[in-house]
Amino acid sequence: MFTISSAMDLSQVTLIESCTSSKEMIEKLDSIFKLKSDFNKMLLLDKFYQLKMECNETVVQYISKVENLAHHVKDAGETISDATVITKILGTLPPKYKNLRQAWLSVDDSKQNLSNLTTRLIDEETSLSQSEQTESAFFVYKFEHPDGDFLLFPSKSVTKLMIFVRGMRYTQFLLRVSTII
C-alpha cells in the first residue's frame, strides 16, 4: 500500500485513503480513472463527428486536423477506420468541393485511400483558387433605383444581377452577357 500511495500526488492520495488493502486501492483507482477515460473517449468522438472545415482553412490543414483527431480517438481505445476518416473529410467539405465528392465515388475502391484523396483535394483547391482569382478580377457595378440598388457582377459567360431592397437581397436573375450589352 505504501508503494502505491508514495507514487501519487496528495490530491490523488485523498481518493484512496479510506482503502484497507492494495487490491482495494487499485480497484478504486481503476474505477475512477476508467470513468474519466470513457468520458474522454466520448468527448473525442463527439469532437471528431462535429468537426467541420473552417472557411479560412486549407484542405491540407483540415485533413491534418481530422487525422490528428482520429489518432487521438484510436489512442483512447476506439477504432476508426480509414474509410471513416475519408467519409468524414468528404462529408464536411464546403459546397465548392461537391464535384470532387461526386468524382470520388467513381474512383476504384482499391485507390480510395487517404493519400489519393489528399492529392485530389490539393489539386481541386488549387484549381478553385485560380478560378476565384480570375472571377474576382472583374468590377462590380452599382445602379441606384427607387425600388432598390442593382448590383452587377460580370463574369465570363453569365452575369448575375441582384436587386437589393433596403439592404436585403430581394431576387436574383441570371442573364446572358449578350442581353445586357
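Is E57 buried or exposed? E57 counts as buried, at 12% relative accessibility; buried here means under 20% relative accessible area, exposed means over 50%, and partly exposed lies in between (1.4 Å probe, protein chains only).

Before going further, a word on the model. It is predicted, so local features need pLDDT of at least 70 and side-chain atom pairs count only at pLDDT 80 or more, while totals for chains, interfaces and linings use all residues. Residues are numbered from 1 along each chain as its sequence is written, and side-chain values use heavy atoms, with hydrogens and water left out.

**Salt bridges**

Side chains of opposite charge can pair when their charged atoms come close. The structure holds three salt bridges, each defined as a side-chain nitrogen of Lys or Arg within 4 Å of a carboxyl oxygen of Asp or Glu. Here they are:

| Pair | N to O distance |
|---|---|
| E57 and K65 | 2.7 Å |
| E27 and K23 | 3.5 Å |
| E78 and K41 | 4.0 Å |

E27 is partly exposed, with a relative accessible area of 46%, and K23 counts as exposed at 60%.

The side chains of E78 and K41 also meet in a salt bridge. This pair links distant parts of the chain, 37 residues apart: E78 belongs to the loop between helix 4 and helix 5, and K41 to helix 3. K41 is buried, at 19% relative accessibility, whereas E78 is partly exposed at 30%. Leaving out residues up to four places away in sequence, K41 touches A76, G77 and E78, where a contact means heavy atoms within 4.5 Å.

**The nonpolar core**

In soluble globular proteins, nonpolar side chains tend to be buried together. The largest nonpolar core in this model has 26 residues; such a core is a set of buried Ala, Val, Leu, Ile, Met, Phe, Trp, Tyr and Cys residues joined through side-chain atoms within 4.5 Å. Helices 3, 4, 5, 6 and 7 each supply at least two of its residues, and helix 4 gives the largest share, seven. Among the residues with the most contacts inside this core is F48. Beyond its neighbours within four places in sequence, F48 is in contact with residues including V66, L69, I80 and V85.

**Cysteines**

C19 is buried at 7%, while C55 is exposed at 81%. A search of the whole structure finds zero disulfides, meaning pairs of cysteine sulfur atoms within 2.5 Å.

Conventions. Helix = DSSP H or I, 4+ residues; strand = E, 2+ residues; numbered from the N terminus.
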